[in-house]
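Please follow the account below alongside the sequence and the structure, taking one region at a time.

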Amino acid sequence: MPTPRTTAAAVAARIVRDEGADHAFGCPDAPGDPLYAAFSAGLGRRTARHPQSAVHMADGWARASGRPGVVVAGAASGPGLVPGLHTAHADGVPLVCLATGPGAAGPARPVTKQVLPAVSAARLPWALRAAFRTAREGRPGPVLVELSPGAAETEIAYAPAADAPLPVRHGAPRATQVTAALELLLAARRPLLLAGGGVPESGAGTALRTLAERLRVPFVDTPGGRGCAGDGHALHVGSVGCPSGAGGRALAAADCVLALGTGRGADLLTGARTVVQVDADPAALGGYGTPGIGIVADARLFLEALLGAAGERAERPPHPWAEPAGAAVRAAGPRSGPVPAGQVHAGIDAVLGTDPDTCFVLTEEVYAEWGAAALPVRRPRRLLLRGRGGPPGWEIPAALGARAALSATAPDALLVGISAGPGLPPFAEELTGAAEHGVPYVQLLLDRDERGPDTVRLAEAYGCSGRRVTGREDLRSALEWARKETVSTRRPVLVSVLAAPEAAAPEA
């Protein structure tokens, strides 16, 4: 029986669905249109106004879903893809980018895990399967597949029954490494578990919580690991990565830190007395000048092996040096003038954070400056954080991509984007398409300048609703309005707040 023949574009769409993607994001030109059109069968599509926005949308979708995001681009999009691919590469976000025609491979090579240039129609199924495996394996990241001109429309022989996703290899630790790590934890007087972004990435939250409970070892999390084992747990000390807080104090006092999936943020571990660092990326190990052990392994596999080695050991007594994280103390602040950051977060917690599925999208700069460790993050993948130094303009496209991911798994979840002014961030024009296609979410703009641009009027020009808050007495009502407005209109809603960072907040 002859093998069925179909276009390479139709095969690509089938493979993308088979790999777990239900959306594709694109900014195609004429060469990329046939491929993008094929993705309309069984996939949601979101067209961006700029190729960088398309990559950021796929980035947000991948962070919220835990699966590789998919980008479709045309021949002229090569340079425009680079900033978005750079962000995904730096933050370890799995993406598969399909670019039709020459021009993308060269600029993208330094900011991807792999580039597959000039792939012919016949080799496209293999190239796509390899791209998805590479994007997931080890430290996740973006992969670019460049199609030869005309490849998408070419008919190829394809047997779906003989095609399947390639197995993803996960690094398992050696038994001697597990034993050594366990002995260091048990010998320490002030041991601490540090959960990074690799914990939710590998699905290790349950194993982390079980280990903490069995050995009575407290844990903290980085911004990327927020919610991985449950905020509010008795052994959860707090979060690190902000200038001050209970998490940072516990990390400074610990005499043995088991750091799991913290990536290349070695500065967090500088000064720790003993470190056991576990990461899927060998390049992430070391660099902090502290004695200890570096283990290349998947966080979940390592924790499961550690639990097996611990067996039924007697629980350690509680450690009085690490107290459970409590609610932040927030000054009341004046009734008018800039709203202190603590009051902003109190309003978010009271109005927008009541649902445990509420998802926040912001950059690490905003997270640190505005004291966002107080945000109510109660589940994994509900704090989507772009790392420091990334290109501007990530926030709004990433939020739109995250909304697409949540629509499949938590359709009623509230999505809140947080950015800092003056003015809306670059690529805010993507709000026009979001309003047109009924994409609900709340964009909170923290602005220190009361003489800044009229962002509410700009949001209204994009087809959205907006309100301006200039005093503490108006904040809660504006947030309550925004929550109702975005549900009733099915459009983005802007709340622009005249605010002051935590360090600059006036005393009560």
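Leaving aside neighbours within four places in sequence, serine 65 is in contact with Arg381 and Ala405, where contact means heavy atoms within 4.5 Å. The model is a predicted one, in which local features need pLDDT of at least 70 and side-chain atom pairs count only at pLDDT 80 or more, while totals for chains, interfaces and linings use all residues. Residues are numbered from 1 along each chain as its sequence is written, and side-chain values use heavy atoms, with hydrogens and water left out.

Serine 65 lies in helix H3, helices (H or I, at least four residues) and strands (E, at least two) being DSSP runs numbered from the N terminus. A polar atom of the serine 65 side chain lies 2.8 Å from the backbone oxygen of tryptophan 61.

Two packed helices are described by the angle between their axes and the distance between the axes. Helix H3 (residues 51-65) packs with helix H4 (residues 78-91) at an angle of about 25°, and their axes are 6 Å apart; the axes are lines fitted to C-alpha atoms over the stretch in contact, and angles run from 0 to 180 degrees between N-to-C directions. H3 is therefore roughly parallel to H4, a term that covers angles under 35 degrees, whereas those over 145 count as roughly antiparallel, 65 to 115 as roughly perpendicular and the rest as oblique. From H3 the contact is made by Pro51, Gln52, Val55, His56, Asp59 and Arg63, and from H4 by Gly80, Leu81, Pro83, Gly84, Leu85, Thr87, Ala88 and Asp91.

Elsewhere, arginine 45 lies over the face of tyrosine 36, at 4.6 Å from the ring centre, the rule being that CZ of Arg or NZ of Lys is within 6 Å of the ring centre and within 35 degrees of the ring normal.

Two backbone features remain. Most residues other than glycine have a negative phi, and most peptide bonds are trans. Alanine 118, in strand E6 (residues 114-119), has a positive phi of about 50° although it is not a glycine. The peptide bond from glycine 421 to proline 422 is cis, with omega near 10°, and proline 422 lies in the loop between strand E18 (415-420) and helix H15 (430-436).

Notes: Polar contact = N/O pair within 3.5 Å; in protein donor to acceptor, adjacent residues only side chain to side chain.
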